[in-house]
Amino acid sequence: MRYLLNLITCIYTSLLFAQPETEVYLFDISNKGNILSLKNQRNISNNPGYDNQPYFYNDNIVLFASTRNGQTDIASYNIRDNKTDWISETPGGSEYSPTKIPNQKAVSAIRLDTTGKQLLYQYDFKTGKSKVLIKDLVIGYHTWYTEDIIISSVLEDGGLSLVVSNLKDNSNYTFQKKVGRSLHKIPNTKLISYISKERDIWEIKSLHPITGETKKIAPTVDKTEDMCWLINGTILMAKDNIIYQYNPKTNADWSVFYTATDQNIHKITRIAVNTTSGLLALVAEKVDE
């Protein structure tokens with residue numbers, strides 16, 4: 001039974017972290033007359049292999065997972081200096097989904113060891129020194145609610161489940177099965193958004209991690225799960241070379257926000273913005289030459 005569970009986990013992990021040729025691009029978000037647009041496109045990874053999962057550590061630093069020496073480490077890109085440094089270099093292990101830990105100069109990330117072991121770790125931003133955060137869950141994706149509460153998409157029963165973990169009392173509570181990878185704090189609220197895949201039409205839902213209350217926000221763009229929130233409450237969601245926008249308070253349906261004309265941005269996946277919604281990072285697969 002243990003062998004079968006390990007086999008299922010390894011198969012799932014290989015699918016979860018399949019590594020196509022991807023690059024991370026950064027844009028400025030221009031706001032003129034309350035009309036938003038993207039400008040000043042630049043490739044901030046510019047690296048052979050897998051570069052993915054951007055996250056704004058602050059308004060000047062973008063974290064992302066990047067291929068180096070046959071493994072995936074946490075890269076830290078300084079926007080002002082146009083320079084990349086490295087936070088992790090783990091022998092026998094790769095890091096994914098780097099995320100800033102609230103009120104700490106530290107980063108959390110999924111570590112996948114060559115043995116197949118997969119856990120959530122904490123990394124010191126300066127030294128890279130690491131420690132396990134949650135020992136009992138195979139976490140695929142995560143976000144922080146407070147410095148003690150983590151919301152994760154966790155491997156359970158062959159799929160992803162939405163789990164809230166409290167580091168103070170070491171509790172883990174599963175709120176829903178059949179969820180996606182996109183987890184975000186909703187600006188100016190005490191809520192987290194997640195993707196529900198319980199129905200044929202996927203839905204963006206909200207969760208209050210303390211009360212457990214969930215509500216439907218909107219259907220996703222067709223079978224799409226990568227999204228982010230602007231500070232004004234607008235959701236951005238990408239599919240192929242188009243980013244769509246929808247504000248639950250003011251819009252009746254999705255509309256086109258941005259269409260990429262660069263042939264290298266033909267399949268957008270991950271998408272992230274900084275806290276002031278002045279910068280946007282996205283991931284696109286490289287075009288075969």
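Strands S20 (residues 235-239) and S21 (residues 242-246) run antiparallel and are joined by five bridges; strands here are DSSP runs of E, at least two residues, numbered from the N terminus, and two of them pair if DSSP finds at least two bridges between them. Within this pairing, Lys239 has Ile242 of S21 as its bridge partner. The model is a predicted one, in which local features need pLDDT of at least 70 and side-chain atom pairs count only at pLDDT 80 or more, while totals for chains, interfaces and linings use all residues. Residues are numbered from 1 along each chain as its sequence is written, and side-chain values use heavy atoms, with hydrogens and water left out.

Zooming out, S20 and S21 belong to an open, antiparallel sheet of four strands, ordered S19-S20-S21-S22. S19 (227-229) and S22 (255-259) each have a single partner strand, so one side of each of these edge strands has no neighbour in the sheet. Direction ignored, neighbouring strands are turned by 30° against each other on average, taking axes as lines fitted to C-alpha atoms, with angles from 0 to 180 degrees between N-to-C directions.

Another antiparallel pairing, again over five bridges, brings together S17 (residues 203-207) and S18 (residues 214-219). Here Ile204 sits opposite Ala218 of S18. Six residues lie between the two strands of this hairpin, and Gly212 takes a positive phi near 85°.

Then there is Ser193, found in strand S16 (residues 192-196). With 0% relative accessibility, Ser193 counts as buried (under 20% relative accessible area; exposed is over 50%, partly exposed in between; 1.4 Å probe, protein chains only). Its side chain makes a polar contact of 2.9 Å with the side chain of Trp229; such a contact is a pair of N or O atoms within 3.5 Å, where, within protein, one must be able to donate a hydrogen and the other to accept it, and residues adjacent in sequence count only if both atoms are side-chain atoms. Leaving out residues up to four places away in sequence, Ser193 also touches, among others, Ile204, Met227 and Trp229 (heavy atoms within 4.5 Å).

As for the rings, the whole structure holds six aromatic pairs. Phe27 and Tyr258 make an edge-to-face pair, 5.6 Å centre to centre with 65° between the planes (Phe, Tyr and Trp rings, the six-membered one for Trp, pair with centres within 6.5 Å; planes under 30 degrees apart are stacked, over 60 edge-to-face, the rest tilted).
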